[in-house]
Amino acid sequence: MSGAPADVRLTLEEVRALARRVLLAAGLAAPHAFAVAETMVAGERDGCASHGIYRLLVAARSIAAGVVVTDAVPAVSEPAPALVQVDGGGGFAQLAFETGRPLLAEKARRYGIAALALNHVVHFAALWPEVEALAEDGLVALAFTPSHAWVAPTGGTQPVFGTNPIAFGWPRPGAHPFVFDFATSAVARGEIELHRRAGKPVPDDWGYDAAGAPTTDAEAVLAGAMRTFGGHKGSALAAMVELLAGPLIGDMTSRESIALDDGRGGSPIGGELIVAIDPAGFLGLGVAGHLQRAEALFDAIEGQGARLPSQRRYDARQRSLAEGVIIPGALYADILALPGG
Ligand code: NDP
Ligand code: PYC
(Lines give C-alpha, C1' and ligand atoms only; values in the text may rest on other atoms or scores of the structure.)
(Ligands and ions follow the chains in the order given, each with its own letter.)
Protein backbone atom coordinates (compact mmCIF):
# COMPACT_ATOMS: atom_id res chain seq x y z
CA MET A 1 0.00 0.00 0.00
CA SER A 2 1.16 3.53 -0.70
CA GLY A 3 -0.27 7.04 -0.76
CA ALA A 4 -0.44 10.00 1.56
CA PRO A 5 0.27 9.44 5.25
CA ALA A 6 -2.87 8.98 7.35
CA ASP A 7 -4.28 11.88 9.33
CA VAL A 8 -3.50 11.87 13.04
CA ARG A 9 -5.68 12.73 16.03
CA LEU A 10 -3.88 14.56 18.86
CA THR A 11 -5.03 15.95 22.17
CA LEU A 12 -4.38 19.64 22.71
CA GLU A 13 -1.79 18.70 25.33
CA GLU A 14 0.02 16.61 22.69
CA VAL A 15 -0.12 19.54 20.24
CA ARG A 16 1.31 21.82 22.94
CA ALA A 17 4.12 19.40 23.80
CA LEU A 18 5.01 18.93 20.11
CA ALA A 19 5.02 22.68 19.44
CA ARG A 20 7.19 23.42 22.47
CA ARG A 21 9.66 20.64 21.58
CA VAL A 22 10.08 21.83 18.00
CA LEU A 23 10.40 25.49 18.95
CA LEU A 24 12.94 24.76 21.68
CA ALA A 25 14.91 22.48 19.34
CA ALA A 26 14.89 25.26 16.73
CA GLY A 27 16.74 27.38 19.26
CA LEU A 28 14.02 29.58 20.76
CA ALA A 29 14.51 30.59 24.38
CA ALA A 30 11.87 28.97 26.62
CA PRO A 31 9.72 32.09 27.26
CA HIS A 32 9.39 32.62 23.50
CA ALA A 33 8.86 28.93 22.76
CA PHE A 34 6.04 28.73 25.31
CA ALA A 35 4.35 31.97 24.17
CA VAL A 36 4.57 31.03 20.47
CA ALA A 37 3.38 27.46 21.12
CA GLU A 38 0.24 28.76 22.87
CA THR A 39 -0.89 30.72 19.80
CA MET A 40 -0.36 27.64 17.61
CA VAL A 41 -2.33 25.47 20.02
CA ALA A 42 -5.09 28.08 20.05
CA GLY A 43 -5.15 28.16 16.23
CA GLU A 44 -5.32 24.38 15.98
CA ARG A 45 -7.94 24.16 18.76
CA ASP A 46 -10.17 26.74 17.06
CA GLY A 47 -10.00 25.19 13.60
CA CYS A 48 -7.71 27.88 12.14
CA ALA A 49 -5.40 25.56 10.20
CA SER A 50 -3.46 28.35 8.47
CA HIS A 51 -2.31 29.62 11.87
CA GLY A 52 -2.12 26.36 13.82
CA ILE A 53 0.84 23.99 14.00
CA TYR A 54 1.44 24.39 10.28
CA ARG A 55 3.17 27.55 11.54
CA LEU A 56 5.88 25.38 13.16
CA LEU A 57 7.31 24.96 9.65
CA VAL A 58 7.13 28.73 9.16
CA ALA A 59 8.69 29.58 12.53
CA ALA A 60 11.48 27.01 12.08
CA ARG A 61 12.23 28.45 8.64
CA SER A 62 12.40 32.02 10.00
CA ILE A 63 14.73 30.94 12.81
CA ALA A 64 16.98 28.95 10.46
CA ALA A 65 17.10 31.95 8.08
CA GLY A 66 18.45 34.12 10.89
CA VAL A 67 15.43 36.44 10.83
CA VAL A 68 14.53 35.97 14.53
CA VAL A 69 16.45 36.98 17.66
CA THR A 70 15.74 33.78 19.54
CA ASP A 71 16.50 35.05 23.06
CA ALA A 72 15.21 38.63 22.72
CA VAL A 73 14.01 40.20 25.96
CA PRO A 74 11.08 42.57 25.30
CA ALA A 75 11.64 46.07 26.78
CA VAL A 76 8.66 48.13 27.96
CA SER A 77 8.48 51.94 27.87
CA GLU A 78 5.72 54.51 28.36
CA PRO A 79 6.09 57.28 25.75
CA ALA A 80 2.90 59.03 27.01
CA PRO A 81 0.44 58.43 29.86
CA ALA A 82 -1.94 56.28 27.77
CA LEU A 83 0.70 54.68 25.55
CA VAL A 84 2.78 51.56 26.03
CA GLN A 85 5.63 50.62 23.74
CA VAL A 86 7.34 47.24 23.75
CA ASP A 87 10.56 46.85 21.83
CA GLY A 88 10.55 43.17 20.95
CA GLY A 89 14.28 43.22 20.17
CA GLY A 90 13.79 41.21 16.98
CA GLY A 91 12.02 38.30 18.68
CA PHE A 92 8.62 36.82 17.86
CA ALA A 93 5.66 39.10 18.61
CA GLN A 94 3.87 36.77 21.03
CA LEU A 95 6.13 37.38 24.04
CA ALA A 96 6.22 41.13 23.34
CA PHE A 97 2.42 41.20 23.46
CA GLU A 98 2.29 39.15 26.66
CA THR A 99 4.83 41.55 28.20
CA GLY A 100 2.88 44.71 27.30
CA ARG A 101 -0.65 43.44 27.83
CA PRO A 102 -1.03 44.01 31.61
CA LEU A 103 0.12 47.64 31.39
CA LEU A 104 -2.10 48.24 28.34
CA ALA A 105 -5.14 46.95 30.27
CA GLU A 106 -4.23 49.00 33.33
CA LYS A 107 -3.89 52.19 31.27
CA ALA A 108 -7.14 51.54 29.35
CA ARG A 109 -8.94 51.29 32.70
CA ARG A 110 -7.24 54.41 34.05
CA TYR A 111 -7.68 56.65 30.97
CA GLY A 112 -10.63 55.01 29.17
CA ILE A 113 -8.49 54.31 26.10
CA ALA A 114 -4.88 53.25 25.69
CA ALA A 115 -2.65 51.87 22.95
CA LEU A 116 0.20 49.40 22.81
CA ALA A 117 2.83 49.54 20.06
CA LEU A 118 4.92 46.43 19.52
CA ASN A 119 8.10 47.33 17.67
CA HIS A 120 10.85 45.31 16.09
CA VAL A 121 9.02 41.99 16.21
CA VAL A 122 8.74 39.02 13.84
CA HIS A 123 5.05 38.34 13.16
CA PHE A 124 3.39 35.24 11.73
CA ALA A 125 0.44 34.85 14.07
CA ALA A 126 -3.31 35.40 13.98
CA LEU A 127 -4.47 38.50 15.86
CA TRP A 128 -7.68 37.14 17.38
CA PRO A 129 -5.97 35.58 20.44
CA GLU A 130 -4.85 39.07 21.46
CA VAL A 131 -8.15 40.94 21.03
CA GLU A 132 -10.04 37.98 22.51
CA ALA A 133 -7.81 38.02 25.62
CA LEU A 134 -8.38 41.75 26.11
CA ALA A 135 -12.14 41.36 25.55
CA GLU A 136 -12.22 38.49 28.07
CA ASP A 137 -10.83 41.09 30.49
CA GLY A 138 -13.77 43.40 29.73
CA LEU A 139 -12.04 45.70 27.22
CA VAL A 140 -12.92 46.58 23.64
CA ALA A 141 -9.85 45.93 21.49
CA LEU A 142 -8.50 46.56 18.00
CA ALA A 143 -5.28 45.20 16.51
CA PHE A 144 -3.43 45.84 13.24
CA THR A 145 -0.17 44.63 11.74
CA PRO A 146 1.42 44.93 8.28
CA SER A 147 3.33 41.94 6.90
CA HIS A 148 5.42 41.52 3.73
CA ALA A 149 4.51 43.26 0.44
CA TRP A 150 2.54 40.46 -1.21
CA VAL A 151 -0.74 42.22 -2.12
CA ALA A 152 -1.49 44.51 -5.06
CA PRO A 153 -3.57 47.66 -4.59
CA THR A 154 -6.88 47.67 -6.47
CA GLY A 155 -6.16 48.84 -10.01
CA GLY A 156 -2.62 47.44 -9.94
CA THR A 157 -1.06 43.99 -10.12
CA GLN A 158 2.24 44.48 -8.29
CA PRO A 159 2.68 43.86 -4.54
CA VAL A 160 2.66 46.88 -2.23
CA PHE A 161 0.65 45.89 0.85
CA GLY A 162 0.98 43.07 3.29
CA THR A 163 -1.95 40.78 3.99
CA ASN A 164 -2.51 43.29 6.83
CA PRO A 165 -5.07 41.84 9.26
CA ILE A 166 -7.55 43.85 11.32
CA ALA A 167 -8.96 42.30 14.49
CA PHE A 168 -11.69 43.54 16.83
CA GLY A 169 -12.95 42.24 20.15
CA TRP A 170 -16.03 43.25 22.20
CA PRO A 171 -16.74 41.83 25.67
CA ARG A 172 -20.08 40.09 26.27
CA PRO A 173 -21.56 39.26 29.64
CA GLY A 174 -21.87 35.49 30.06
CA ALA A 175 -20.73 34.70 26.50
CA HIS A 176 -17.55 34.46 24.47
CA PRO A 177 -16.50 37.91 23.20
CA PHE A 178 -17.62 39.13 19.81
CA VAL A 179 -14.41 38.88 17.78
CA PHE A 180 -13.51 39.19 14.15
CA ASP A 181 -10.08 38.97 12.61
CA PHE A 182 -9.38 38.99 8.91
CA ALA A 183 -6.67 39.74 6.42
CA THR A 184 -7.36 42.71 4.13
CA SER A 185 -6.22 40.48 1.28
CA ALA A 186 -8.81 38.20 -0.35
CA VAL A 187 -7.53 35.45 1.96
CA ALA A 188 -4.59 35.02 4.31
CA ARG A 189 -1.38 33.98 2.58
CA GLY A 190 -1.28 30.91 4.81
CA GLU A 191 -4.46 29.72 3.09
CA ILE A 192 -2.79 29.92 -0.33
CA GLU A 193 0.25 28.09 1.07
CA LEU A 194 -2.06 25.31 2.29
CA HIS A 195 -3.59 25.06 -1.22
CA ARG A 196 -0.08 24.84 -2.70
CA ARG A 197 0.87 22.08 -0.25
CA ALA A 198 -2.30 20.16 -1.11
CA GLY A 199 -1.78 20.69 -4.88
CA LYS A 200 -5.18 22.40 -5.10
CA PRO A 201 -6.08 25.31 -7.42
CA VAL A 202 -7.19 28.61 -5.87
CA PRO A 203 -10.18 30.70 -7.05
CA ASP A 204 -9.17 33.02 -9.88
CA ASP A 205 -9.95 36.16 -7.88
CA TRP A 206 -7.33 35.53 -5.16
CA GLY A 207 -4.36 36.85 -7.11
CA TYR A 208 -2.20 37.40 -10.17
CA ASP A 209 0.85 35.68 -11.57
CA ALA A 210 4.14 37.58 -11.86
CA ALA A 211 3.07 38.94 -15.27
CA GLY A 212 -0.10 40.42 -13.72
CA ALA A 213 -2.59 37.90 -15.18
CA PRO A 214 -5.30 36.31 -12.99
CA THR A 215 -4.44 32.67 -12.20
CA THR A 216 -5.73 29.67 -10.27
CA ASP A 217 -2.20 28.34 -9.66
CA ALA A 218 -1.38 28.79 -5.94
CA GLU A 219 2.37 28.73 -6.62
CA ALA A 220 1.99 31.45 -9.27
CA VAL A 221 -0.03 33.68 -6.90
CA LEU A 222 2.63 33.24 -4.21
CA ALA A 223 5.26 34.35 -6.75
CA GLY A 224 3.05 37.14 -8.15
CA ALA A 225 0.59 39.26 -6.18
CA MET A 226 -2.45 38.59 -4.04
CA ARG A 227 -5.61 40.71 -4.30
CA THR A 228 -7.26 42.76 -1.59
CA PHE A 229 -10.75 41.74 -0.41
CA GLY A 230 -13.66 43.97 -1.41
CA GLY A 231 -11.82 45.81 -4.17
CA HIS A 232 -11.01 49.45 -3.38
CA LYS A 233 -12.39 49.13 0.17
CA GLY A 234 -9.96 46.40 1.18
CA SER A 235 -7.22 48.30 -0.63
CA ALA A 236 -7.86 51.42 1.49
CA LEU A 237 -8.03 49.37 4.70
CA ALA A 238 -4.74 47.68 3.79
CA ALA A 239 -3.16 51.13 3.35
CA MET A 240 -4.60 52.20 6.72
CA VAL A 241 -2.99 49.19 8.44
CA GLU A 242 0.34 50.04 6.80
CA LEU A 243 0.11 53.60 8.12
CA LEU A 244 -1.17 52.82 11.64
CA ALA A 245 1.17 49.94 12.42
CA GLY A 246 4.10 51.20 10.33
CA PRO A 247 5.01 54.90 10.13
CA LEU A 248 2.69 55.95 13.02
CA ILE A 249 4.53 53.75 15.50
CA GLY A 250 7.96 54.21 13.92
CA ASP A 251 8.08 50.81 12.32
CA MET A 252 8.24 49.24 8.90
CA THR A 253 5.83 49.09 6.02
CA SER A 254 5.34 45.74 4.30
CA ARG A 255 7.58 46.90 1.43
CA GLU A 256 10.35 47.70 3.89
CA SER A 257 9.85 44.40 5.70
CA ILE A 258 10.25 42.29 2.56
CA ALA A 259 13.24 44.37 1.46
CA LEU A 260 14.90 43.70 4.82
CA ASP A 261 14.14 39.98 4.49
CA ASP A 262 16.19 40.09 1.30
CA GLY A 263 15.00 36.75 -0.03
CA ARG A 264 15.58 34.78 3.18
CA GLY A 265 11.95 33.65 3.22
CA GLY A 266 11.36 34.65 6.85
CA SER A 267 8.16 35.94 8.43
CA PRO A 268 7.40 39.68 8.38
CA ILE A 269 9.47 41.95 10.60
CA GLY A 270 7.98 45.17 11.94
CA GLY A 271 5.33 46.45 14.30
CA GLU A 272 1.80 45.95 15.58
CA LEU A 273 -0.65 48.46 17.06
CA ILE A 274 -3.20 47.36 19.65
CA VAL A 275 -5.85 49.75 21.00
CA ALA A 276 -7.83 48.95 24.15
CA ILE A 277 -10.95 50.81 25.28
CA ASP A 278 -12.72 50.44 28.61
CA PRO A 279 -16.49 50.42 27.95
CA ALA A 280 -16.97 52.10 31.33
CA GLY A 281 -14.83 55.04 30.22
CA PHE A 282 -17.10 56.78 27.70
CA LEU A 283 -20.12 59.01 28.29
CA GLY A 284 -20.20 58.28 31.99
CA LEU A 285 -22.65 55.42 31.40
CA GLY A 286 -22.45 52.22 33.41
CA VAL A 287 -20.88 49.24 31.66
CA ALA A 288 -24.18 47.40 31.73
CA GLY A 289 -25.85 50.06 29.54
CA HIS A 290 -23.27 49.73 26.79
CA LEU A 291 -23.12 45.98 26.87
CA GLN A 292 -26.89 45.38 26.99
CA ARG A 293 -27.49 47.53 23.91
CA ALA A 294 -24.73 45.60 22.13
CA GLU A 295 -26.50 42.34 23.03
CA ALA A 296 -29.64 43.62 21.27
CA LEU A 297 -27.52 44.16 18.16
CA PHE A 298 -26.13 40.63 18.34
CA ASP A 299 -29.67 39.27 18.81
CA ALA A 300 -30.77 41.10 15.66
CA ILE A 301 -27.93 39.47 13.71
CA GLU A 302 -28.44 35.96 15.02
CA GLY A 303 -32.23 36.28 15.14
CA GLN A 304 -32.40 36.10 11.35
CA GLY A 305 -30.14 33.06 11.08
CA ALA A 306 -26.87 34.91 10.42
CA ARG A 307 -23.91 33.88 12.54
CA LEU A 308 -21.53 36.03 14.51
CA PRO A 309 -17.87 36.05 13.48
CA SER A 310 -15.85 33.67 15.65
CA GLN A 311 -18.85 31.44 16.36
CA ARG A 312 -17.28 28.81 14.09
CA ARG A 313 -14.09 29.09 16.16
CA TYR A 314 -15.91 28.80 19.45
CA ASP A 315 -17.78 25.72 18.18
CA ALA A 316 -14.49 24.18 16.97
CA ARG A 317 -12.96 24.95 20.37
CA GLN A 318 -15.70 23.07 22.16
CA ARG A 319 -15.19 20.04 19.89
CA SER A 320 -11.39 20.13 20.17
CA LEU A 321 -11.45 20.35 23.94
CA ALA A 322 -13.58 17.20 24.01
CA GLU A 323 -12.14 15.21 21.11
CA GLY A 324 -8.71 16.64 20.26
CA VAL A 325 -7.79 17.76 16.76
CA ILE A 326 -7.06 16.05 13.45
CA ILE A 327 -3.70 16.91 11.87
CA PRO A 328 -3.28 16.14 8.15
CA GLY A 329 -0.84 13.23 7.77
CA ALA A 330 1.52 15.05 5.37
CA LEU A 331 1.77 18.06 7.68
CA TYR A 332 2.38 15.83 10.71
CA ALA A 333 5.16 14.02 8.84
CA ASP A 334 6.80 17.33 7.89
CA ILE A 335 6.66 18.51 11.51
CA LEU A 336 8.07 15.23 12.83
CA ALA A 337 10.96 15.63 10.39
CA LEU A 338 11.97 18.89 12.09
CA PRO A 339 14.50 18.73 14.94
CA GLY A 340 12.53 18.02 18.14
CA GLY A 341 9.61 16.59 16.14
P1 NDP B 1 -11.20 34.35 7.41
O2 NDP B 1 -11.68 34.82 6.11
O3 NDP B 1 -11.00 32.90 7.61
O4 NDP B 1 -12.13 34.85 8.58
C5 NDP B 1 -12.35 36.19 8.80
C6 NDP B 1 -13.26 36.49 9.95
O7 NDP B 1 -14.60 36.44 9.45
C8 NDP B 1 -13.22 35.54 11.12
O9 NDP B 1 -13.43 36.29 12.30
C10 NDP B 1 -14.39 34.60 10.82
O11 NDP B 1 -14.94 33.99 11.96
C12 NDP B 1 -15.38 35.54 10.20
N13 NDP B 1 -16.32 34.87 9.32
C14 NDP B 1 -16.02 34.02 8.31
N15 NDP B 1 -17.16 33.61 7.71
C16 NDP B 1 -18.18 34.21 8.36
C17 NDP B 1 -19.60 34.18 8.21
N18 NDP B 1 -20.19 33.46 7.27
N19 NDP B 1 -20.34 34.94 9.04
C20 NDP B 1 -19.76 35.68 10.01
N21 NDP B 1 -18.42 35.74 10.20
C22 NDP B 1 -17.65 35.02 9.38
O23 NDP B 1 -9.81 35.11 7.75
P24 NDP B 1 -8.55 35.42 6.86
O25 NDP B 1 -8.24 34.29 5.94
O26 NDP B 1 -8.71 36.76 6.25
O27 NDP B 1 -7.42 35.51 8.01
C28 NDP B 1 -7.09 34.34 8.74
C29 NDP B 1 -6.11 34.67 9.85
O30 NDP B 1 -4.87 35.07 9.29
C31 NDP B 1 -6.53 35.80 10.77
O32 NDP B 1 -6.56 35.26 12.07
C33 NDP B 1 -5.41 36.83 10.65
O34 NDP B 1 -5.04 37.48 11.87
C35 NDP B 1 -4.25 35.99 10.17
N36 NDP B 1 -3.30 36.82 9.45
C37 NDP B 1 -2.15 37.22 10.08
C38 NDP B 1 -1.27 38.04 9.43
C39 NDP B 1 -0.04 38.56 10.08
O40 NDP B 1 0.68 39.34 9.46
N41 NDP B 1 0.27 38.22 11.30
C42 NDP B 1 -1.50 38.46 8.05
C43 NDP B 1 -2.75 38.00 7.51
C44 NDP B 1 -3.62 37.19 8.19
P45 NDP B 1 -14.67 32.38 12.19
O46 NDP B 1 -13.21 32.28 12.51
O47 NDP B 1 -15.58 32.02 13.32
O48 NDP B 1 -15.04 31.70 10.90
O1 PYC C 1 -1.35 34.26 6.41
O2 PYC C 1 -1.11 36.19 5.38
C3 PYC C 1 -0.82 35.38 6.26
C4 PYC C 1 0.20 35.77 7.24
C5 PYC C 1 1.18 36.67 7.09
C6 PYC C 1 1.89 36.71 8.26
C7 PYC C 1 1.28 35.83 9.09
N8 PYC C 1 0.24 35.26 8.46
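1. A residue counts as buried here if 20 or more other C-beta atoms lie within 10 Å of its own. With that in hand, a few friendly notes on this predicted model: buried residues make up 47% of the 341 residues in the chain.

2. On overall dimensions, the radius of gyration is 20 Å, which agrees with the value near 20 Å for a compact globule of 341 residues.

3. As for the fold, you will find twelve helices and eleven strands in the chain. If we take contacts between residues at least 6 apart in sequence, 65% of them join residues at least 24 apart.

4. Valine 22 makes a handy residue to look at. It sits in helix 1, which covers residues 12-25. Valine 22 has 24 other C-beta atoms within 10 Å, and because the cut-off is 20 or more, it is buried.

5. Which residues does valine 22 touch, not counting those up to four places away in sequence? They are Leu56 and Ala60, together with Ile335, Leu338, Gly340 and Gly341. For a distance to check, the C-alpha atoms of valine 22 and tyrosine 54 are separated by 12 Å, with the two residues 32 apart along the chain.

6. Finally, ligand 2. The residues around it are Ser50, Phe124, Ser147, Thr163, Ala183, Ala188, Arg189, Gly190, Ser267 and Pro268. By class, this shell around ligand 2 holds five polar residues, four nonpolar and one charged.

Definitions and conventions: Residues are numbered from 1 along each chain as its sequence is written. Chains are lettered from A and ligands numbered from 1 in the order in which they are written. This is a predicted model: local features need pLDDT of at least 70, side-chain atom pairs count only at pLDDT 80 or more; totals for chains, interfaces and linings use all residues. Helices (H or I, at least four residues) and strands (E, at least two) are DSSP runs, numbered from the N terminus. A residue is buried if 20 or more other C-beta atoms lie within 10 Å of its own, exposed if 12 or fewer, and partly exposed in between; C-beta atoms are placed from the backbone. Two residues are in contact if their C-beta atoms, placed from the backbone, lie within 7 Å. The radius of gyration is taken over C-alpha atoms; the globule rule is 2.2 Å times the number of residues to the power 0.38. A residue is near a molecule or strand if its C-beta atom, placed from the backbone, lies within 6 Å of it. Ala, Val, Leu, Ile, Met, Phe, Trp, Tyr, Cys and Pro count as nonpolar, Asp, Glu, Lys and Arg as charged, and the others, Gly among them, as polar.
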